[in-house]
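Let's work through a couple of exercises together. Have a look at the sequence and the structure first, then try each task before you read its solution.

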Amino acid sequence: MATPNILLTRIDNRLVHGQVGMTWVNTLGANLVIVANDAVAEDKVQQNLMDMVLPETAESRFFTIEKVIRIIGKAASRQKILLVIKSPEDALKLVEGGVPIKKINVGNLHFAEGKKQLSATVSVDEADIRVFQKLHDLGVELEVQGIPNERARDLMELLKQI
């Protein structure tokens with residue numbers, strides 16, 4: 001498998017929205033946004049809404065988790081990829097499937113009943129913590145950072161504080 005040019009892998013339960021679509025794409029210089037999500041891969045309405053917030057300089061692809069695992073190695077080196085996923089579980093599936101993810105930016109995981117807040121935009125429950133620990137054990141660097149000009153914080157250090 002060739003090594004794809006993944007500039008950033010981001011967990012954001014909103015997937016692609018204005019912040020991801022413009023700020024991250026432009027800051028990174030990404031020219032391809034891959035959304036790895038089984039539901040969105042089949043939902044043209046969601047795909048069109050996400051496409052609307054991307055700059056003209058970036059293309060988009062909406063693939064299932066399994067398809068990303070199968071084809072990411074075929075990406076051309078000229079493709080500067082922003083890989084967006086919805087959950088820690090999806091990140092683990094990609095890593096265990098062989099996608100060469102070395103670092104994950106955790107941008108947004110909504111607060112819900114039973115979750116503990118790590119930052120203004122990231123809340124986790126016990127299942128999330130177990131998955132993040134597995135990713136960490138697999139050598140993946142995990143950081144919390146909402147927007148590019150915000151200081152990134154080590155997710156594993158934040159977990160020690162809750």
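**Exercise 1: a helix and its faces**

In helix α5, the buried residues are D128, V131, F132 and L135. Keep in mind that this is a predicted model. Your task: work out how the buried residues of α5 are arranged around its axis, and find what they pack against.

Solution, step by step:

1. Look down the axis of α5: the buried residues fall within an arc of 100°, so they line one face of the helix.
2. Now turn to the face pointing away from that buried side, and you'll find the exposed residues R130 and D137.
3. Next, check the neighbours. The buried residues of α5 pack against β1, α4, β5, β7, β8 and α6.
4. Finish with the two ends. At the start of α5, a side-chain oxygen of D125 comes to within 3.2 Å of the backbone nitrogen of A127. After the helix comes G139, with a positive phi near 90°.

**Exercise 2: a strand with neighbours**

Your task: decide whether each face of strand β4 is covered or open, and find which bridge partners L8 and I34 have in β4.

Solution, step by step:

1. Start with burial: β4 spans residues 81–85, and five of its five residues are buried.
2. Sort them by side. I81, L83 and I85 sit on one side, L82 and V84 on the other, so both faces are covered.
3. Bring in β1, residues 6–12: five bridges join β1 to β4, and the two run parallel. Here L8 has L82 as its bridge partner.
4. Do likewise for β2, residues 32–36, which pairs with β4 in the parallel sense over five bridges. I34 is partnered by L83.

Key: Residues numbered from 1 in each chain as written. Predicted model: local features only at pLDDT ≥ 70, side-chain atom pairs only at ≥ 80, totals over all residues. Heavy atoms only, no water. Buried < 20%, exposed > 50% of the residue type's maximum accessible area, 1.4 Å probe, protein only. Helix = DSSP H or I, 4+ residues; strand = E, 2+ residues; numbered from the N terminus. Pairing = 2+ DSSP bridges. Arc of directions from axis to C-beta. Contact = heavy atoms within 4.5 Å. Polar contact = N/O pair within 3.5 Å; in protein donor to acceptor, adjacent residues only side chain to side chain.
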